[in-house]
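User: I'm new to reading protein models, and I'd like to learn it feature by feature. Can we go through one together?

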Amino acid sequence: MSKVKYYYDPDTLSYRKIEPKKSKKYRNVFLFLAGSALFGTLGLIILLNTRWVNTPKELSLEREVRNYELQFDIMNRKLDQMEQVLANIEDRDNNIYRLYFEANPIPEEQRRAGFGGVNRYNALEGFNNSEIIINATKRLDIIQKQMVIQSKSLDEIAKLAEAKEKLLASIPAIQPVSNEDLTRMASGYGWRSDPFTKARKMHWGMDFTAPRGTPIYASGDGKVVRADNRSSGYGKHVRIDHDYGYISLYGHMSKYNVTVGQKVKRGDIIGFVGSTGRSEAPHVHYEVFKDGERINPINFYYGSLSTEEFENMLRLANQENQSLD
């Protein structure tokens with residue numbers, strides 16, 4: 001209840017009640033309301049700019065930021081796994097695959113080389129989480145580059161493997177006559193006694209005795225380049241070009257089972273044992289050429305002989321006996 005105010009009137013020698021003017025009353029009410037609104041607004045602004053009160057938008061943004069941080073953490077863990085797997089592949093590539101195929105390993109500085117030139121990440125700078133984003137982007141770029149290098153390396157390894165497979169299939173690596181059909185290994189590579197002149201003479205191949213008509217097998221993949229009896233001493237014979245500088249020769253056949261230009265696989269029957277040409281008894285005279293030079297065929301029987309069989313053949317081949325041609 002508002003207090004009633006009085007003033008002393010000297011004319012009437014009495015106290016009179018002070019009647020407030022309506023305009024002043026309205027002004028006071030207006031000033032009160034304006035002041036209240038002003039201080040209320042200032043208080044609200046101050047309150048909203050403190051840490052203790054967040055707007056719905058700020059709360060939504062905070063949740064979004066926390067979600068991004070979680071996603072970045074998950075992505076970084078996946079990047080860790082990718083880097084480990086890639087490092088394992090690179091190690092196998094350098095120390096197993098390339099070593100096996102006699103290829104030079106890829107230098108570490110080439111695999112780990114960075115990106116030169118202009119700043120690739122300037123568009124990602126200036127944000128609250130720029131460091132996290134730039135670091136993750138750099139790791140992705142490096143992994144991508146390493147994967148490109150590794151992919152090219154594996155393409156090269158695949159080509160080397162294909163060439164190696166073809167080489168291994170082409171090298172003359174089995175006996176021309178199987179052990180089951182073989183009567184004996186009559187004579188090896190080296191100086192031997194000539195069966196006709198009895199003079200000591202260089203024997204450029206190996207003689208395998210077997211009954212007439214015994215199958216003779218191609219010792220490696222290749223193409224038949226000769227199947228005739230026009231070479232002195234060999235009688236009916238076949239020559240196979242295996243590529244990589246290798247040629248094999250099979251002499252004294254009774255008949256052919258291939259024609260010139262025909263492609264053969266290791267183990268294919270190319271002819272049959274006979275005694276044509278300069279021969280004392282049915283057998284196959286077998287020679288191997290490398291880059292035009294005759295070499296000892298005994299070094300190439302890893303594809304058909306056990307250790308014991310090879311040692312026995314080596315012992316017989318080293319005996320300086322009489323050849324059959």
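Predicted model: local features only at pLDDT ≥ 70, side-chain atom pairs only at ≥ 80, totals over all residues.

User: Which residue forms a salt bridge with glutamate 83?

Analyst: The general idea first: side chains of opposite charge can pair when their charged atoms come close. The rule used here asks for a side-chain nitrogen of Lys or Arg within 4 Å of a carboxyl oxygen of Asp or Glu. Glutamate 83 pairs with arginine 139, and their closest N and O atoms are 2.9 Å apart. Arginine 139 is in helix H4 and glutamate 83 in helix H2, so the bridge ties together parts that are 56 residues apart in sequence. Helices here are DSSP runs of H or I with at least four residues, strands are runs of E with at least two, and both are numbered from the N terminus.

User: Is arginine 139 buried or exposed?

Analyst: Buried, because its relative accessible area is 16%.

User: How many salt bridges are there by this rule?

Analyst: The count comes to ten. Among them, aspartate 93 and arginine 98 meet at 3.7 Å, N to O. Both ends of that pair are buried: aspartate 93 has a relative accessible area of 0%, and arginine 98 has 3%. Arginine 98 also bridges to glutamate 156, at 2.7 Å from N to O. Arginine 98 sits in helix H2 and glutamate 156 in helix H4, so this pair ties together parts 58 residues apart in sequence. Glutamate 156 counts as partly exposed, at 37% relative accessibility. Elsewhere, salt bridges that share partners join Asp80, Glu83 and Arg139 into one network.

User: What does the record say about residues 65-92?

Analyst: An unreviewed UniProt entry annotates residues 65-92 as "coiled-coil region". UniProt positions are given in the numbering used here, feature names are shortened, and annotations may be inferred rather than shown by experiment. In the model, that span is 100% helix and 0% strand, with its end C-alpha atoms 41 Å apart.

User: Which residues make the nonpolar surface patch?

Analyst: Val85, Ile89, Ile96, Tyr97 and Leu154 make a patch of about 390 Å². Patch members have over 30% relative accessible area and no salt bridge; like charges are joined within 9 Å, and nonpolar side chains (Val, Leu, Ile, Met, Phe, Trp, Tyr) within 5 Å. The areas come from the Shrake-Rupley method with a 1.4 Å probe, and for residues only the protein chains shown count as cover. Helix H2 (residues 56-100) gives the largest share, four residues. Isoleucine 96 lies in that helix and is partly exposed, with a relative accessible area of 45%.

User: And the inside? Which residues of the largest nonpolar core touch the most other members?

Analyst: In soluble globular proteins, nonpolar side chains tend to be buried together. A core here is a set of buried Ala, Val, Leu, Ile, Met, Phe, Trp, Tyr and Cys residues joined through side-chain atoms within 4.5 Å. The largest core has 25 residues, and Phe208, Val238, Ile240, Tyr250 and Ile270 touch the most other members. Strands E6, E8, E9, E10, E12 and E13 each supply at least two residues of this core. Leaving aside neighbours within four places in sequence, isoleucine 270 is in contact (heavy atoms within 4.5 Å) with several residues, including Val238, Ile240 and Tyr250.

User: Where does a positive phi turn up in a residue other than glycine?

Analyst: Histidine 252 has phi near 70 degrees, and aspartate 291 has phi near 55 degrees. Histidine 252 lies in strand E10 (residues 246-256) and counts as buried, at 1% relative accessibility. Aspartate 291 is in the loop between strands E13 and E14, and it is exposed, at 57%.

User: How many helices and strands does the protein have?

Analyst: Five helices and 14 strands. Of its 325 residues, 31% are buried.

Notes: Residues numbered from 1 in each chain as written. Heavy atoms only, no water. Buried < 20%, exposed > 50% of the residue type's maximum accessible area, 1.4 Å probe, protein only.
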